[in-house]
Amino acid sequence: MQFKESQRLRADWDGSDCDHPRILKEYDLGAATTDWVCDTCGKEFSREERDHFNADRDQ
Ligand SMILES: [Zn+2]
């Protein structure tokens, strides 16, 4: 997901709870950033946070 798109998602999100069903790598133009982004609410995650989140979900 592009950084601009994640910014737009965050701006549009109404602040309600999100279980972050899909977390995508964030890109700024062609380059990958260090962050991952929920494609529903636009919340940013570090790689460690994402790994932790996925580990929780696998249980
Ligand atoms: Zn989310």
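This report walks through the fold of a predicted model, from the overall chain to its sheet and a few residues. Local features are given where pLDDT is at least 70 and side-chain atom pairs count only at pLDDT 80 or more, while totals for chains, interfaces and linings use all residues. Residues are numbered from 1 along each chain as its sequence is written.

**The chain as a whole**

Along the sequence, the chain follows the pattern α-β-β-β-α, which comes to 2 helices and 3 strands. Here helices (H or I, at least four residues) and strands (E, at least two) are DSSP runs, numbered from the N terminus. With a radius of gyration of 11 Å, close to the 10 Å from the globule rule for 59 residues, the chain is as compact as a globular protein of that length. That radius is taken over C-alpha atoms, and the rule is 2.2 Å times the number of residues to the power 0.38. The C-alpha atoms fill a box of roughly 35 × 25 × 10 Å along the principal axes.

Buried residues make up 10% of the 59 residues. A residue is buried if 20 or more other C-beta atoms lie within 10 Å of its own, exposed if 12 or fewer, and partly exposed in between, with C-beta atoms placed from the backbone.

The 3 strands form an open antiparallel sheet in the order 1-2-3. Two strands pair if DSSP finds at least two bridges between them. Strand 1 and strand 3 stand at the edges with a single partner strand each, so one side of each has no neighbour in the sheet.

Here are the two pairings side by side:

**Two residues to look up**

Glu 5 is found in helix 1 and counts as partly exposed, with 15 C-beta neighbours inside 10 Å. Glu 5 and Asp 39 are 34 residues apart in sequence and 9.0 Å apart in space, C-alpha to C-alpha.

Asp 14 lies in the loop between helix 1 (3–12) and strand 1. Asp 14 is exposed, with 6 other C-beta atoms within 10 Å. From Asp 14 to Cys 41 the C-alpha distance is 8.6 Å, across 27 residues of sequence.
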